[in-house]
Amino acid sequence: MIEKKQLIDRLSDAVKMEESLISIYSNHLRSVLAYSSLDRKVQAEITGILQRLAGDSVGHDDFMLALIDSLSNGTENVY
């Protein structure tokens with residue numbers, strides 16, 4: 001069991017962590033690709049995957065924020 005405030009805090013932390021990690025990984029991998037000897041086709045695939053990951057992150061963010069809002073406005077205190 002977890003109290004509402006703890007759950008909301010953990011979900012909020014997860015949102016912040018995902019945002020930070022996506023940015024860090026994307027920037028790092030773009031830098032690596034700039035100096036890479038990988039084939040352009042492979043580099044394009046990696047870039048496409050990074051873009052998809054960033055897009056998916058936006059969807060996760062929307063879902064998590066809606067969940068946090070729902071929990072905040074709910075009457076339950078223990079989950």
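**Conventions.** I worked on a predicted model in which local features need pLDDT of at least 70 and side-chain atom pairs count only at pLDDT 80 or more, while totals for chains, interfaces and linings use all residues. I numbered residues from 1 along each chain as its sequence is written, and side-chain values use heavy atoms, with hydrogens and water left out.

**Entry 1: helix pair.** I looked up how H1 (residues 4–34) and H2 (residues 40–73) are arranged. Helices here are DSSP runs (H or I, at least four residues), numbered from the N terminus. The two pack at an angle of about 165°, and their axes are 10 Å apart. H1 is therefore roughly antiparallel to H2; that label applies to angles over 145 degrees. Axes are lines fitted to C-alpha atoms over the stretch in contact, and angles run from 0 to 180 degrees between N-to-C directions. I recorded the crossing of H1 and H2 as left-handed, meaning that the near helix is turned anticlockwise from the far one by less than a right angle.

**Entry 2: Lys 4.** I next examined Lys 4, which lies in H1. Lys 4 is buried and yet has no salt bridge. Buried means under 20% relative accessible area, exposed over 50%, and partly exposed in between (1.4 Å probe, protein chains only). A salt bridge requires a side-chain nitrogen of Lys or Arg within 4 Å of a carboxyl oxygen of Asp or Glu. The nearest side chain of opposite charge to Lys 4 is Glu 76, 9.0 Å away; Lys and Arg count as positive and Asp and Glu as negative, with His and the chain ends not counted. Residues up to four places away in sequence aside, Lys 4 touches Leu 71, Ser 72, Gly 74, Glu 76, Asn 77 and Tyr 79, where contact means heavy atoms within 4.5 Å.

**Entry 3: salt bridge.** I searched the whole structure and found 1 salt bridge. Lys 5 forms a salt bridge with Asp 9, and their closest N and O atoms are 2.9 Å apart. Because Lys 5 and Asp 9 are 4 residues apart in H1, about one helical turn separates them. Lys 5 is exposed at a relative accessible area of 56%, whereas Asp 9 is partly exposed at 35%.

**Entry 4: further H1 residues.** I found Leu 7 in H1. From Leu 7 to Val 78 I noted 71 residues in sequence and 9.0 Å between C-alpha atoms. Ser 12, also in H1, is partly exposed at 23%; its C-alpha atom is 7.5 Å from that of Ile 68, 56 residues apart along the chain. Glu 19 lies in H1 and is partly exposed at 43%. The C-alpha atoms of Glu 19 and Ser 57, 38 residues apart along the chain, are separated by 7.3 Å.

Conventions:
Parallel < 35°, antiparallel > 145°, perpendicular 65-115°, else oblique.
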